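Subject: The structure I promised you

Hi,

Here is the structure I said I would pass on. Have a look at it first, and then read my notes below.

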4 protein chains.
Amino acid sequence: MVQLGLVGLGKMGFNMRERLRAAGHEVVGYDRNEAVSDSASLADMVSKLDAPRIVWVMVPAGGPTRETVAELGELLAGGDLVIDGGNSRFTDDKHNAEVLSGKGVGYLDCGVSGGVWGKENGYGLMVGGDKAHVERAMPIFDTLRPDGPREEGFAHAGSVGAGHYAKMIHNGIEYGLMQAYAEGFELLEAAKVVEDVPAVIKGWQRGTVVRSWLLDLLVRALDEDPELDDLEGYVEDSGEGRWTLEEAINHAVPAPVISAALFARFSSRQKDSSAMRAVAALRNQFGGHAVKKIGG
Amino acid sequence: MVQLGLVGLGKMGFNMRERLRAAGHEVVGYDRNEAVSDSASLADMVSKLDAPRIVWVMVPAGGPTRETVAELGELLAGGDLVIDGGNSRFTDDKHNAEVLSGKGVGYLDCGVSGGVWGKENGYGLMVGGDKAHVERAMPIFDTLRPDGPREEGFAHAGSVGAGHYAKMIHNGIEYGLMQAYAEGFELLEAAKVVEDVPAVIKGWQRGTVVRSWLLDLLVRALDEDPELDDLEGYVEDSGEGRWTLEEAINHAVPAPVISAALFARFSSRQKDSSAMRAVAALRNQFGGHAVKKIGG
Amino acid sequence: MVQLGLVGLGKMGFNMRERLRAAGHEVVGYDRNEAVSDSASLADMVSKLDAPRIVWVMVPAGGPTRETVAELGELLAGGDLVIDGGNSRFTDDKHNAEVLSGKGVGYLDCGVSGGVWGKENGYGLMVGGDKAHVERAMPIFDTLRPDGPREEGFAHAGSVGAGHYAKMIHNGIEYGLMQAYAEGFELLEAAKVVEDVPAVIKGWQRGTVVRSWLLDLLVRALDEDPELDDLEGYVEDSGEGRWTLEEAINHAVPAPVISAALFARFSSRQKDSSAMRAVAALRNQFGGHAVKKIGG
Amino acid sequence: MVQLGLVGLGKMGFNMRERLRAAGHEVVGYDRNEAVSDSASLADMVSKLDAPRIVWVMVPAGGPTRETVAELGELLAGGDLVIDGGNSRFTDDKHNAEVLSGKGVGYLDCGVSGGVWGKENGYGLMVGGDKAHVERAMPIFDTLRPDGPREEGFAHAGSVGAGHYAKMIHNGIEYGLMQAYAEGFELLEAAKVVEDVPAVIKGWQRGTVVRSWLLDLLVRALDEDPELDDLEGYVEDSGEGRWTLEEAINHAVPAPVISAALFARFSSRQKDSSAMRAVAALRNQFGGHAVKKIGG
């Protein structure tokens, strides 16, 4: 059993603390929200840990993570280890590692997948950084990851940045998988050849080629709302899909499915499309085709 | 100068009659709308023509065209010639030609492009059928097509069906071209780096690689409505785009741009997307991500 | 336990006979390949069954299935039941059902998923047809489907055709899922940020959002050939992806992911692309851009 | 008539010098290639110009342009003006302008379209920067742009960077347009319904909706090589398409056509696709589908 600091006790961090404590680890959490925090400040948290310390950072990617790492650089000492478990862009990791290495503090980046189910099922983990650091943190990884063979729920992906890179690609794939199911669902709904769409999708859970955890979740959603009509078809994107597409551009890799899935989300958030107004205007110009006028 | 019957005096047929008469041809038009018709019935129209007759059919594709051809098969006689200038699917042409050939009546299919501007500029023509029939109708084609070398505004594409096939592909390309301009327009609008978007697009009309007639029409639309905000981004599709994609499927030809343009139109007509409701539901299931609830 | 005839003892049918016999059913198989057949002819097979008979057809979709059904129509009698378990297009089912109903023979269409693994794991089944027929064949379905709750590996999708419709959409989704994993794999390979790509993909099998049976199979393939370089990137398509896209066109449903997956397969089979030759020619024309000449 | 320095006398710069001189401007060119250069060095070129000077930079985007601008910053003096006419990314312009503004040297960015045809037809120009600078350089722009109304071949797009931004979007659109024609061409070739494909495409030049300069170039290419079979379907991309897609990502604008056109180029350069090897491997795993083995 190990002792660790855990910064960020939101939806993910809070659950991870539960899972770690249930396994007997000592977790000193810090969050700006006093109601969930175990310590009054980041400094207070650090002071409650015995050196050499391990601090897991689980705060929003970008500015918040970079700032937390910088602050920890001030508070920690040689031999300590920071693990960024957030959804940081892999390009942030090198910078974060350098900030800390100047103080002799080690750094690992860890992509974490599994959402709110991870508390119970364990989280899929993809880690980047030095082998020695990975080994040191292994008791934590072994608790957070799912039961079963370690290599099926955990990977040491490479050096610093490789963990978040693997997570980014994981999420790019996830966009494509979700969109594939979604297009199939819409077709079943539109064609009305299949009479009981939720029953068919439920029947895909065992034996078929398309069985997956996402399919199980779709079944769960349809159990709650068989036509999904309590929801709007409005979908945010959180960064990894965009970064994956940027990587596809950088490496000249065709990514038609991942880009289509990302664009479908962009479209879902548009009330009206400038592009399609331009197409409507063109058709009107050459063909005298009827167009919908605003308020018309 | 020739004499011809012209069935269908809608937006296209009406203008074509004007252009043909202006060139000195004798046109006997028929339309169910008495206000524009030159004859009381199809039979009346036929009776006013001297054998061997030429009849140009310019009615909606599908049922109306097939029915008109069938009726003409009853009314016409050996040596007569029917030209289908509508937007028929190329697969209809073989059937139409057979219906008529039993009576010794010839058949040409003619794809016609140019929209409401054709009356003044002339129409691009793509013709399928026997060479002898094409030659016989050439005075009509030469009047309808634009000024300039015949081969730049007219093509004898092949045997029966080839004219409409060429027109179908033309329209598939047109979908892609329009969507390309539209995406560029939306990007310029969204990024706000370019201060005067209509001025930039107007400035593309000469010298650039993207200059085209569609670009000229976009400039015209932006002159009338600089942000195109009198319009809704709602775009119909009239068949040829779908048929083009079906042909891509049949011949295992990748058509990512034409399909993307078609799907953008489908999306433009959806108030809410079942597919994106499914994606929203999935994100909600695994991540506890906020979703927009109807009325929420 | 029931008795049934089974026509077609290829990869799928052969395995299904094994699974059915292992459960105690009496299977009389027929295949043109004498080495695997239990009977000398279709007629011989029918003669070995007690009325009312059940015959499962597991032959290639299209002509072979339609011909087998027609022959069975001659051989069977009122009260018998035919189940088409092949990958027929849903539009064939109505015809097949009508052929048989004239003789008082019932018809079910059954989409079967699971590939070569079905023998051991069971097959996901999607059935179309009358409830009474479904109930009569349920002992067979219950043996073929995977263990676990019936509704998770079996669905009565609707009336005749609905089973194959569900299977078609299932396969369309499958195309999209496979392409999503494939794009992620190519990106990981191309970027070389992740040092051990197979280890990362193996590590996605538990806990992650992208875990699935297809992912397990990808892990299996990478275990055998870590860079998949014994294979060519040449991928056939077997019909269902095309039909799914045609349905998307028919119902005006955007299907960017499924179409992208299908087009990627088309492209994979092209040695050289006419389209890209046209793009190269255009760039050469306007920019004097270097182009690759054949043999140059 | 004005005097100007012109750095970079490659395919584009060389032609522009011709066009400028033909109109009576005094051009002092500099290129590392002595055979075409009018001056021995950048410093020599500057020394031959009377203050206040105008220097047009026409060198490859990225490093070469940034270095040329930095050197010019050393050589030029307050009141001088630099115009970057290359294909720089719009994000470079702000930096370049700042480098020069410290010395009191003005900066304009000018997107130039028209390729090798610009010498004769004039170039489409999109300019970013201060109005006063634009007016000062107008005699140059008026010579370089095509004949006809200024606003149809020239646009002052906005402040520094807006010219290259407009050019970037122009090129993104260009990718989409070319791919649309290319898909149509491939379909015509594959289907063989149209007997004379080049004749049909030539016949689209007048009157049709798809008429454009690119179409004229395609006709020209087909005149030289009717099946384009002297070329390989291998297509480079030069940056602007990638940047356009990155902008689409940044602004959450769906760009399915432009991305499809870019990915088609990426694919055209792949001998074999890792992604499609993964799909082949998956099909082999679940279905025992035949796969092509290397050397098999």
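A word on angles before anything else: those under 35 degrees count as roughly parallel, those over 145 as roughly antiparallel, 65 to 115 as roughly perpendicular, and the rest as oblique. Axes are lines fitted to C-alpha atoms, for helices over the stretch in contact, and the angles run from 0 to 180 degrees between N-to-C directions. Helices (H or I, at least four residues) and strands (E, at least two) are DSSP runs, numbered from the N terminus.

Please keep in mind that this is a predicted model, where local features need pLDDT of at least 70 and side-chain atom pairs count only at pLDDT 80 or more, while totals for chains, interfaces and linings use all residues. Residues are numbered from 1 along each chain as its sequence is written, chains are lettered from A and ligands numbered from 1 in the order in which they are written, and side-chain values use heavy atoms, with hydrogens and water left out.

**Helix packing**

Two packed helices are described by the angle between their axes and the distance between the axes. In chain B, helix α7 (residues 162-191) packs against helix α10 (residues 240-250) at about 100°, and their axes are 8 Å apart. So α7(B) and α10(B) are roughly perpendicular to each other. On the α7(B) side, the residues in contact (heavy atoms within 4.5 Å) include Tyr165(B), Met168(B) and Tyr175(B), and on the α10(B) side they include Trp243(B) and Glu247(B). Sorted by class, this contact has five nonpolar, four polar and three charged residues. For these classes, Ala, Val, Leu, Ile, Met, Phe, Trp, Tyr, Cys and Pro count as nonpolar, Asp, Glu, Lys and Arg as charged, and the others, Gly among them, as polar.

Over in chain C, the axes of helix α10 (residues 240-250) and helix α11 (residues 256-268) come within 10 Å and cross at roughly 140°. That angle makes α10(C) oblique to α11(C). The crossing of α10(C) past α11(C) is left-handed (the near helix is turned anticlockwise from the far one by less than a right angle; clockwise would be right-handed). Here Gly241(C), Arg242(C), Thr244(C) and Leu245(C) of α10(C) meet residues of α11(C), among them Leu262(C) and Phe266(C). The contact of α10(C) with α11(C) has five nonpolar, three polar and one charged residues.

**Where chains meet**

Helix α11(C) also reaches a helix of another chain: its axis and that of α8 (residues 162-191) of chain A come within 8 Å and cross at roughly 110°. That makes α8(A) roughly perpendicular to α11(C). Pro256(C), Val257(C) and Ile258(C) are the α11(C) residues in this contact, and α8(A) brings Gly176(A), Gln179(A), Ala180(A), Glu183(A) and Gly184(A).

How many residues of chain C are in contact with chain A? The count is 70, and they touch 70 residues of chain A. Buried area is the accessible area (1.4 Å probe) that two parts lose on being put together, summed over both. For chain C and chain A it is about 5,900 Å², with 71% from carbon and sulfur atoms. Leu187(C), Arg206(C) and Val209(C) lose the most area in chain C, together 12% of what that side buries.

Two salt bridges (a side-chain nitrogen of Lys or Arg within 4 Å of a carboxyl oxygen of Asp or Glu) are found across the interface of chain C and chain A. Arg206(A) and Glu152(C) meet in a salt bridge, at 2.7 Å from N to O.

Chain B and chain C each put 19 residues into their contact. They bury about 1,500 Å² between them, 73% of it on carbon and sulfur atoms. Ile249(B), Pro254(B) and Phe263(B) supply 39% of the area that chain B buries against chain C. Zero salt bridges are found across that interface.

**A few local details**

Over all chains, the structure holds 60 salt bridges. In chain B, Asp80(B) pairs with Arg53(B) in a salt bridge, with the closest N and O atoms 2.6 Å apart. Asp80(B) lies in the loop between α3 (63-75) and β4 (81-84) and Arg53(B) in the loop between α2 (42-47) and β3 (54-57), so the pair ties together parts that are 27 residues apart in sequence.

Most residues other than glycine have a negative phi, and most peptide bonds are trans. The bond from Ala51(A) to Pro52(A) is cis, with omega near -10°. Ala252(A) has a positive phi of about 55° although it is not a glycine.

Cheers
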